Amino acid sequence: MSRRPGLSVRLRLTLSYAGFLAVAGALLLAVVWGFLLRYVPDNSQGLLGISPNRYLLVHTFGPAAAVAMAFLLVFGLVGGWFLAGRMLAPLTRITAAARAAGSGSLSHRIRMGGRRDEFRELSDAFDAMLERLESHVAEQQRFAANASHELRTPLAVSQALLDLARKDPTRDRDELLERLRTVNTRAIGLTEALLVLSRSDRGAFGREDVDLSLVAEEAAETLLPLAERRGTTLDVAGGAARTSGSAELLLRLVTNLVQNAVVHNLPAGGTVTVRTGTRDGASVVRVENTGPPLPPDLVPTLTEPFRRGTERVRTDGHAGVGLGLAIVHSIVRAHDGTLDLVPRPAGGLVATVRLPGVAQGS
């Protein structure tokens, strides 16, 4: 938005300083004029015939007062310009950093030293904002690159299968259609996961009263056939755990946790335990599963998008997209909650979600 040019802040401050100093000098002269000269006799002989009279004092004092006022005005302008420059120097640094950030350079930091005053607090807040913004942009760029790579893979496979069918008409049609269906299902699942992740990141959802115990039962019922095929025991129990949020996203949260626990489990005879309840005013969902031991340095990275493959063991060929726990983490964050992932000493993982609770009857 273009604005009309005007006086700079430094010039306005300079004029303010000079004006204040001039007014103070004028008031001082007025006091001298009003309370000193009034007691000087106004006659040709002066006081007792030896002191000057008022006429002589006025004509002597007037030019000196004018010189003093001119000096105060010049001193106020010069000193005000210097002081305003010193005072606004931190603001100039902040402005330069803002321009650099506006041009795309988010790595610049002000790092203002000195005592903690208003400019220092503004500088620290601006540095913190730049740090969060740089981290967010880097995360989005990394996510976009990973998403593009992941979406390109099933499309490339589909293209290869179609080219193969065109070049070899005698190839088994049913096998080709089944492979195309598998690849297409994977692409659809990845696209839906990306949409859910984007929606939860934006916080674009309505809120309602949700009981996490009912959500856990629904998620377990949906995933029971998968657990039975893998020979995994699914145990869901616990008390009511009410929170406020999107029922659809919270269902996806618990479903992803349970599905992750079922998929990354023992080849046979594994268990998945889901518990819900309240603790210290928070609604809690705890999902614990058996499985292979997890390296401690791997656990903090499990919520990163597309973190899958050789890092975690699968025994059933389940083709995930690496967004399960990333979606969980995003939904938890959008609902102002916390997600804790702790490896079990005997193998497997314990995932604990804490969300703000809703009082009964509210």
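Helices and strands here are DSSP runs, numbered from the N terminus. On that basis Asp-336 sits in the loop between α7 (324–334) and β6 (338–343). Please bear in mind that this is a predicted model.

I shall stay with Asp-336 for a moment. Its phi is near 60 degrees, a positive value in a residue other than glycine. Most residues other than glycine have a negative phi. Asp-336 is also exposed, its relative accessible area being 60%.

Arg-111 also deserves a remark. This residue belongs to the loop between α2 (54–102) and α3 (118–167), and its phi is positive as well, near 50 degrees. With a relative accessible area of 64%, Arg-111 counts as exposed, because the cut-off for that class is over 50%.

I turn now to helix α5, residues 212–230. Its 19 residues span 25 Å from the first C-alpha to the last, close to the 27 Å expected at 1.5 Å a residue. Where does α5 bend? The bend, of about 50 degrees, is at Leu-223, and Pro-225 follows within four residues. The buried residues of α5 include Leu-212, Val-215, Ala-216, Ala-219 and Leu-223. After the helix comes Gly-231, with a positive phi near 70 degrees.

Finally, Leu-250, in helix α6 (residues 247–263). Is Leu-250 buried or exposed? It is buried, because its relative accessibility is 1%. Beyond its neighbours within four places in sequence, Leu-250 is in contact with Leu-212 and Val-215, among others, including His-335 and Leu-355. Leu-250 and Leu-212 are 38 residues apart in sequence, yet their C-alpha atoms are 7.9 Å apart in space.

Key: Residues are numbered from 1 along each chain as its sequence is written. This is a predicted model: local features need pLDDT of at least 70, side-chain atom pairs count only at pLDDT 80 or more; totals for chains, interfaces and linings use all residues. Side-chain values use heavy atoms; hydrogens and water are left out. Helices (H or I, at least four residues) and strands (E, at least two) are DSSP runs, numbered from the N terminus. The expected span of a helix is 1.5 Å times one less than its number of residues. The bend at a residue is the angle between axes fitted to the seven residues ending there and the seven starting there. Buried means under 20% relative accessible area, exposed over 50%, partly exposed in between (1.4 Å probe, protein chains only). Contact means heavy atoms within 4.5 Å.
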